[in-house]
2 protein chains.
Amino acid sequence: MHRIRVSVAEGVLDANDTIAAANRADFDRAGVRVVNLMSAPGAGKTSLLERALADGSRRPQAAASGRDSSAGGGAVEDGLGEVRVGVLEGDVQGSLDAERIASLHVPVTQLNTAPGFGGECHLDANMVRSALPAVPLDEIDLLIIENVGNLVCPAEFRVGEDARAMVSSVAEGEDKPLKYPLMFRACELVVINKIDLLPHLDFSLEQFLENLDRVNPRASHLLVSARTGEGVHAFAGWLASVASRETAAV
Amino acid sequence: MHRIRVSVAEGVLDANDTIAAANRADFDRAGVRVVNLMSAPGAGKTSLLERALADGSRRPQAAASGRDSSAGGGAVEDGLGEVRVGVLEGDVQGSLDAERIASLHVPVTQLNTAPGFGGECHLDANMVRSALPAVPLDEIDLLIIENVGNLVCPAEFRVGEDARAMVSSVAEGEDKPLKYPLMFRACELVVINKIDLLPHLDFSLEQFLENLDRVNPRASHLLVSARTGEGVHAFAGWLASVASRETAAV
């Protein structure tokens, strides 16, 4: 008489996590660390990356780092250093951002959610997996996944990343951590961008940081201006610190 | 012998449109016109409404209207005039915006997508329908539905509105119509907000308008600053013009 082997379909709702783990295994095999970079539309993810990739590998002229920066790690002083970066650009459609990054001679893969995925407002693990054959994992140390501009759904889908960071523009107002807490909670680093606009806004940085602390007291933050370059070197240093992480911490 | 009556389940994917039509019938019965107001997070929907509701019913001091404003209609000169406005606030969670509007003594209903709807990144017709019993339709002429901050999904779900408008902040960059064309196409009015920041940004208004024209040549636009009040009276006039529309145009 044969024993019946019962397989209980547990966690079937977590197909995304299963695929994220498969992505993760591929990244680990290739020795690639991965950052999932998120933000609202127009917060400046692409501008920040442009600036970090253009400036990041230079040595700091002086003691360059974000004023009041609480994020970091040993790598900040060297910016991106020798880290080889690749970018996966998530957009509903078009390749405007990918073209901007590609002009910096960085390997870029465009992933559009419109054609195959119904115009999704976020990347999920399966979409990222579908793009992996086009990502030169053997040639890079760090893959930056620029997610679709959206403060809600991207936070709900892990894609196999080592670290999650978000960009929040001061032009968006100081209430955003309270209105989109899941996103702010999901990230270990909050890059506060467009600080060159602070003199022209009714934005209380103190209030923003207090709100951030309420929803995610463990988050680090950096003050940057992708426009003036202030603080960008520190962001590049944070990217390098992720690239040098030994252990995976999904 | 009996004839078999065949009912083909056509358009079953359009449950949303069916419910939107039901909402619409309720609005029409009450003589209420409805605006679906959308934007990215932090573009300034609530600030704009605050300002329009506070200033809107005043007569213009001078020839107040947005510089270079192409939207309008006869009602612009009078702002909101005697129009009685109600607001339905869509948020993932919290009631920060609703509290801001309520302080202006405008009837506000808060609709959160997190508890019952799984933290949805948009409002759909069914969510709006669930909130209607709490909206005093008999006491208002115009219902403004402030959607969840998101440039992707809200554009895909009609909720029974007469008009769709969006707010686009100049701080978000001039590429937004090209990156989120569905949203820009869905709206008859694009309110270009935060124009007080123009001197401090690398933002080409001309390029933005060219991009908008590429994706939606029929859209009107208004230049406003919810902060300084510039152009807000014209926006209030547009709201009044929707309130005075005779026929429904879904």
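Predicted model: local features only at pLDDT ≥ 70, side-chain atom pairs only at ≥ 80, totals over all residues.
In which sense do strand β2 (residues 85-91) of chain B and β3(B) pair, and over how many bridges? The two strands pair in the parallel sense, over five bridges.

**The contact between chain A and chain B**

- Chain A contributes 33 residues to the contact, and chain B contributes 33 residues.
- Three residues, Pro41(A), Lys179(A) and His200(A), supply 22% of the area that chain A buries against chain B, more than any other three residues.
- The size of an interface is often given as the accessible area lost when the parts come together.
- Between chain A and chain B, the buried area is about 2,600 Å², and carbon and sulfur atoms give 56% of that area.
- Six salt bridges are counted between the two chains, chain A and chain B.
- A salt bridge links Arg227(A) with Asp202(B), where the closest N and O atoms are 2.9 Å apart.
- Between chain A and chain B there are also 13 residue pairs in polar contact, with both residues at pLDDT 80 or more.
- On the side of chain A that touches chain B, the helices α3 (96-102) and α6 (176-179) of chain A each supply at least two residues.
- Sorted by class, that side of chain A comprises 15 nonpolar, six polar and twelve charged residues.

**The sheet of chain A**

- Chain A has an open sheet of seven strands, with parallel pairing and the order β3-β2-β4-β1-β5-β6-β7.
- The edges of this sheet are β3 (108-112) and β7 (220-223) of chain A; each has a single partner strand, so one side of each is left without a neighbour in the sheet.
- Strand β1 (residues 33-39) and strand β4 (residues 142-146) of chain A run parallel and are joined by five bridges.
- Within this pair of strands, Val35(A) stands opposite Ile144(A) in β4(A).
- Helix α8 (residues 205-215) of chain A packs on the sheet, where it touches β5 (163-169), β6 (189-193) and β7 of chain A.
- The direction of this helix makes about 160 degrees with that of β6(A).

**The sheet of chain B**

- In chain B, seven strands form an open sheet with parallel pairing, in the order β3-β2-β4-β1-β5-β6-β7.
- At the edges stand β3 (108-112) and β7 (220-223) of chain B, and each has a single partner strand, so one side of each is left without a neighbour in the sheet.
- Where β2(B) pairs with β3(B), Glu89(B) stands opposite Gln110(B) in β3(B).
- Helix α9 (residues 232-243) of chain B lies across β1 (33-39), β4 (142-146), β5 (163-169), β6 (189-193) and β7 of chain B.
- This helix runs at about 140 degrees to β1(B).

**The surroundings of Asp196(B)**

- Asp196(B) is placed in the loop between β6 and α8 (205-215) of chain B.
- Residues up to four places away in sequence being left out, Asp196(B) touches His200(A), Ser225(B), Arg227(B) and Thr228(B).
- Asp196(B) and Ser225(B) are 29 residues apart along the chain, and their C-alpha atoms are separated by 6.0 Å.
- A polar contact (3.4 Å) joins the side chain of Asp196(B) to the side chain of Arg227(B).
- His200(A), which Asp196(B) touches, is one of the three residues named above for their share of the area that chain A buries against chain B.

Terms used
Residues numbered from 1 in each chain as written. Chains lettered and ligands numbered in written order. Heavy atoms only, no water. Contact = heavy atoms within 4.5 Å. Buried area = accessible area lost by both parts, 1.4 Å probe. Salt bridge = Lys/Arg side-chain N within 4 Å of Asp/Glu carboxyl O. Polar contact = N/O pair within 3.5 Å; in protein donor to acceptor, adjacent residues only side chain to side chain. Helix = DSSP H or I, 4+ residues; strand = E, 2+ residues; numbered from the N terminus. Nonpolar A, V, L, I, M, F, W, Y, C, P; charged D, E, K, R; others polar. Pairing = 2+ DSSP bridges. Axes fitted to C-alpha atoms, helices over the stretch in contact; angles between N-to-C directions.
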